[in-house]
Amino acid sequence: MRRPVRSGIARYAAFLAALRRALPGAIVVLLLVSGARVAQPHQHVRVADPDARRMLAGFHALEQNPTDVFRWSRPDAALFLSGFDGRPAFVTLRLAAPRDAGDPPPLLVVSVRGRSMGSFVVAPEWRHYRVLIATDPAGDTPLLLRTAAYRPAGDARDLGVALAAITTAPVLHVAWFPPPVRAIFLGSWPLLGWLLLVWRSRPTGRRASVARWSGVTLLALLAGWAAAFPVTSGYLLPTIGWPWWPVLPIVMIVAWPSVLSVVRQGAGYARSAAPRSFWSGVGLAFAAVIAMRLGVSPVVGFAILAAGVALAVTTIGECHAGALAHERAGGVPVLRGEALALAGITAAALVLRLYRLDDLPAGLWRDEARHGLLALQIWNDPSYRPVYVVAGADLPALLFYLMAPVLALLGPGAGAARLVSAVAGALMPLALWWAARPVIGARAAVYGAALLAWASWGLSMSRWAFPATLDHLLELAAVGCMWRALAPQMLSNRGNRRRALAGMALAGALAGMAAYAYHTGRLAPLTLALLTALRLGRDGRAWRHAAAALAAAMIAGLLVLTPLLRFILEDFEGYNRRTGAVAIVNSEDLEQRAPLLLLFNNGLRYLFMWHVSGDPNGRHHAPGAPMLDPLAGTLLAMGIGLAARWRPGTRVPLAWVALALLPGIFSTDAPHAMRSLGALAPACMLAGAALDGMHRATSGAVPRRRANGAIVPTILAVSLAFNTWLYFDVMPHDPAVYREFDLIETAMGRAARAPALSSDPEMQAVQVYLDRRVAGSDVVRFLTTGLRIGVFDGAQLSQPAGRSALVLLLPDTAATERAAALAALGPSARELVAPCFPDGKAPLFIAYSVGDGAQRLLEETFGPYLPVSRNSPYSAAMVKPRRL
């Protein structure tokens, strides 16, 4: 009789176990059903409501007439729908489109990601228009509103239609469950929580179990809330990464033991086949990087890259671990070979940044000219001592103070204006070595400094009058001081405490000074603080010994920041105007609006910028080209693998890269080379660590071959050649690069200043007259500072021309104005051969002159840019255009 009882108890226990497993899923389903039943996806929003900012992109500021508050759209604008998740919706728009008398009413075309949703004519008076929209199942749905541009008299804006209100409603009002994709996405959160916190967790005490189940319950309640408030949750918690999320993490968690077993077996086989498997991994990783540059899908490319890195890193091993630990502790002095290598790297960095600095980039950008004008104002006006310049620059003032004596000594010019930034960029490799040596070792630091010295990204950022490199130079110096000051031997020895205090005070001051350089410098004190926490780790004794040094850093930093903090208190809005304008919450992206979607996509773009596609802005780098050369990109991937596997020191630059990318990830226009420039130095540290690991692996290889010693120098030489070719040969002839600069204004300004710089009396006598449309530009005003320049107003010269005169007009000048310019110069006037754009297809300006000095002046000023053929001035150039 006992057997049936036992069997019944077993069945009852099995039933309870099954119920326990099924209960979380049932609760999640119940919450989703309950949320869907009470959900109200209807929405009525006026453009003046706060919620309207969530829905609109590409609209102008609020305006008001006697009857309505409205916003004008741009010709291309977008309206974003959240909470429908694939269900059809009705969208009702209150629109008007007044036009000038005689103009036809505009046609408004509505589309969703290229799919037409219809088009209609918008009347001049206010009316309601209803459109049926097929929404996207994942993320928000952008309704692109496209009209012909309209510019009323006295208004410089391009306008589309006027919008006053939006009403959205689902076609079917009854829903028993969220749409399928949305339901799977929301249900995945408690499922993942259960898999991680309960199913894969080790048995522990009751409190830990309660905490785990509480976490799962909170995730389930979050899913229910999202189902109940689809509009709000669709904006704050959109469906991201579908279908990779949630399928991939669920599969990885479920299959993790099997995956781990396969990885361990593969690692064992790779170690047994070293060094052949090491070089196979390196070759596979390099092939993946090249393939992605040639257009292979990033998903496939990164999968192959990860496999190659894993194979290579697994076989490197912990080579010379004791020596590395000794180097990181600062126990190895700087040897003669290391010092000579650093001197050579610094000299190379300086040459690469000073070579043809005056004409590469070929023209000044207007902001460079504004910075030069501010520097000259600081030099010439003792009462002008800004801390932060809001109007005209929107930048901290440190760069302008450094530029002031240089411009006062050398005079206004492109090379003089760029000299401070160039020198700062040339010093960055030395600063990288200073920061990296105690972290990743001497040899790795030297390799990283070399890669940074000639990186085309660094060259692009340091060869113009912009403070993008200045704050990172100071940050690197601060980290190097901090790491040495907090070394165990400095904290444990009382005799070294004063040195530790001085080192940390200097580190705090340098980090504070970085905030005066560029917007990203605001992150320098935070970066120093977080890296300090990594330096001290979880050692409570180290924190106690370092307390006085940490206090010294804080005090020094606050003292340096005091003027800036005072300015922030006085003009908080001005200080944050630029950062607020480019913040991701103010994005004018016409494809996505939800902040998490924008952050997710920004993260992908910054991941892809290393190997797939970089900054498209030609002022910042070669447009669309990856930010690192193929060899440095491969080494970076290997360095990340080392950080995860073998080399604890590399985890510091890895964390540093992540911190440095935050300004770019949380702003618009990703990937942005300036806002993410802080990631370049720690990325080069990781690459240097990988190259050091490669050196140790090859130097310890058996049998040893002579070719092993040439591998690392060959990699560095090829990297140098590639970056030099890209910056000095490809980028100067790319229209997407040089058209980002003000070449015409720069050329006219140089010509106007040339007589004052010449020692030839004939050229000194040339009177230069500029087109009225150019004479007041920032670039011309900077280049002609202190000079009196004539102006041609379209009909006559500002003062009569003498025996030798030169008139420069824009290429699009009308024929009547050209004739007037020739007439103003007199009967002996003639047209001169003018310099061309780098592609040789069009002149930079039109030049008329009297006398012989003007032609010589142009030849001496623009010799390399003058056409080869004098008979056909604009058909050929000395250098043909090249493409990347």
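Why does Val296 count as partly exposed? In this predicted model, Val296 has a relative accessibility of 35% and therefore counts as partly exposed.

Val296 is located in the loop between helix H8 (276–293) and H9. Together with Trp244, Leu248, Met252, Trp256, Leu284, Val299, Val300 and Ile304, Val296 makes a nonpolar surface patch of about 800 Å². Two or more residues of this nonpolar patch come from each of helix H6 (244–254) and helix H9 (298–316).

## The second largest pocket

The second largest pocket holds about 810 Å³ of space. Its lining consists of 32 residues, and those nearest the centre are Tyr518, His519, Arg578, Val582 and Arg675. By class, 13 of the lining residues are nonpolar, 9 are polar and 10 are charged.

At least two lining residues of this pocket are supplied by each of helix H12 (366–380), helix H24 (577–581) and helix H27 (651–665). The largest share, 4 residues, belongs to H12.

## Cavities

The whole structure contains 6 cavities of 30 Å³ or more. The second largest cavity has a volume of about 60 Å³. Its lining is formed by His472, Glu475, Thr520, Leu523, Thr527, Trp656, Leu659, Ala660, Pro663, Arg675 and Gly678. Helix H17 (470–485) and H27 each give two or more residues to this lining, and H27 gives the most, with 4 residues.

The lining of the second largest cavity comprises 5 nonpolar, 4 polar and 2 charged residues. Arg675 belongs to the lining of this cavity and also lies among the residues nearest the centre of the second largest pocket.

Conventions
Residues are numbered from 1 along each chain as its sequence is written. This is a predicted model: local features need pLDDT of at least 70, side-chain atom pairs count only at pLDDT 80 or more; totals for chains, interfaces and linings use all residues. Side-chain values use heavy atoms; hydrogens and water are left out. On a 1 Å grid over the protein atoms alone, a cavity is a set of points where a 1.4 Å probe fits but cannot get out, and a pocket is an open set with protein on both sides within 12 Å along at least five of seven lines; lining residues have an atom within 4 Å of a point. Grid points are joined across faces, edges and corners, and a volume is the space filled by probe spheres set on the points. Ala, Val, Leu, Ile, Met, Phe, Trp, Tyr, Cys and Pro count as nonpolar, Asp, Glu, Lys and Arg as charged, and the others, Gly among them, as polar. Patches are made of residues with over 30% relative accessible area and no salt bridge: like charges are joined within 9 Å, nonpolar side chains (Val, Leu, Ile, Met, Phe, Trp, Tyr) within 5 Å. Accessible areas come from the Shrake-Rupley method with a 1.4 Å probe; for residues, only the protein chains shown count as cover. A salt bridge is a side-chain nitrogen of Lys or Arg within 4 Å of a carboxyl oxygen of Asp or Glu. Buried means under 20% relative accessible area, exposed over 50%, partly exposed in between (1.4 Å probe, protein chains only).
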